[in-house]
Amino acid sequence: MPATPALETRELTIRFGGHVAVNAVSCAFHPGTLTAIVGPNGAGKTTYFNLISGQLKATSGQVLLHGQDVTGLTASARTKRGMGRAFQLTNLFPNLTVMENVRLAVQSRAGAGMQLLQLWSHRGDLIDKADSLLASVKLLDKRNAMAGALPHGDQRKLEVALLLALEPDVFMFDEPTAGMSVDEVPTVLELIHQIKARGDKTVLLVEHKMDVVRSLADRIIVLHNGTLVADGEPATVIASPIVQEAYLGISPEAAA
Amino acid sequence: MLPANPLHSLLSGDYPRSRVLAATLFIILVCLAFAPFLFPGSQPINVAAKICVFVILVASYDLLLGYTGIVSFAHTMFYGIGGYGVAIAMYNFSPTWSAMGIGVVAALILSMALALVIGLFSLRVRAIFFAMITLAVASAFAILASQLNEITGGEDGRSYRIPEMLRPGFRLFDEPVLGVMINGRILTYYLIFFSALILFLLALRVVNSPFGRVLQAIRENDFRAEALGYRVLVYRSIANCLSAGMATLAGVLMAIWLRYTGPDTTLSFAIMIDILLMVVIGGMGTLYGAVLGATIFILAQNYLQVLMGELSDALAAAGIPLLPALFHADRWLLWLGILFVLSVYFFPVGIVGKLRQLRS
């Protein structure tokens, strides 16, 4: 394994009043790996993601990206440094077209947002890029529809396309297949698989479906009440009593 | 790449996208372009000049409200700074182009600096807070302008002379052109018309640039725009400054036209309300809505009273009871109000939005 992890959290903690939502989570994520983050609802998975990508400010602890402390940086600055995030609740630009949504992400990556006097439509390179991303999530035929008018499954695919457009080093997927119909899921899973197969990207995946986790993850970490309670190979972690109890809701006695 | 079509470049690819809208805009453009020849007399050209100025003022506000999703109540302040910039320079120095230039540049710098400071202090927090701050700053500025007698002329404002070429006494040609004597007043009108046209096309370019799409993204979902790597505060601040600068230039044009600047013509809250109504009636986030909103509003403001007076007289002559009183010229504000309520009720997306919906 390389010496510097792509992403690392050290004693990462956030308190909301008296409630500790994420409690001193230390974990390192290396390039070429896909880590699934599991835990029951309210375990702090999404909050942990929000702390990493900068939507929330940590009470204490650090986030390191490529070995550099980014704890004090804004979400946009972290994105510029190679972090990419897809959201659990669909979080798009509803009154812009599907194409415009992706194009905005492509444009951010290309650093072209500050062009005031150039025509939006004259950047053919950015449009082609956006189109090829739309093709990869099978949304090209809906490129001129308003994002807000898409069915839920298509919105999730668009969400993934926005993340792909950012070409990050660290991909963070928050339940990418939630609410998708059965025939749409493989498209997204195949894309995640391709990212992982490139070998230089770091993927974090919050996912409830255990079959998805088993098929994609190299490693599973388990959060429970904001605390990291298990970390290891998928088979070992899934079989561990703490996961059987905390996550699958089976008491150790029953499992045994 | 798209073909190099001059109209496409001028309109930045943002066509009216409705035949009725395109025709209406074309009629407005022709009427404004030839106003001195089509509608002789001082009243019509006055209305035409006011429409030109308000198209710019409303378009600049739409850049904030319609495109970026920022609610500001300080727009008249920037408009006023433009007016006072010209007024103070003309009054204290001399009625020359260079003095005017100094006034305009100083006003632009002050406006944009103020917009930047207000923005940096309050745009990072919730939208309602920014709206409140702008309201407070604008009120303070209006009070300041009416108190600083020595500089602004206080409540009375300032009357001043403008460069020779723009005065009514100036004649460009000895003979009339198309039956109209081209005097300084008409030259002033064309200065305003072409400035407004250029500024409008420039605004159209900005909203259709990569930058403009980021503004729309921020309006739609600022949280996600930030997550995509856009520094929302920076974009909002730039939009705020651009909008303020454009409003300032509108104020400059109005000051040149009126040859007078006072609190009532620039800083009053009534103008702020008018701007809001024009944006909403025309259609937020369309820019063309600014043209329609400003034209309809100002025409109604200037001619509704006259029309109603005539209607009332005709009804009275026909011997119909009650109606003459209802349509009496003094009731024009009531009817203006009713027209606005109806237009907002029936066209919640504005006239432009409605026309575009009809087409699709």
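Analyst: L197(B) is partly exposed, because its relative accessible area is 30%, where buried means under 20%, exposed over 50% and partly exposed in between, with a 1.4 Å probe and protein chains only. This is a predicted model, in which local features need pLDDT of at least 70, side-chain atom pairs count only at pLDDT 80 or more, and totals for chains, interfaces and linings use all residues. Residues are numbered from 1 along each chain as its sequence is written, chains are lettered from A and ligands numbered from 1 in the order in which they are written, and side-chain values use heavy atoms, with hydrogens and water left out.

L197(B) is found in helix α9 of chain B, a helix being a DSSP run of H or I with at least four residues, numbered from the N terminus. In the loop between β1 (158–159) and α9 of chain B lies N183(B), which is buried because its relative accessible area is 17%. The side chain of N183(B) reaches the backbone nitrogen of I186(B) at 3.0 Å. Beyond its neighbours within four places in sequence, N183(B) is in contact (heavy atoms within 4.5 Å) with P168(B), F170(B) and R171(B).

Y189(B), with neighbours within four places in sequence again left aside, has contacts that include L32(B), A35(B), P36(B) and W257(B).

Key
Helices (H or I, at least four residues) and strands (E, at least two) are DSSP runs, numbered from the N terminus. A polar contact is a pair of N or O atoms within 3.5 Å; within protein, one must be able to donate a hydrogen and the other to accept it, and residues adjacent in sequence count only if both atoms are side-chain atoms.
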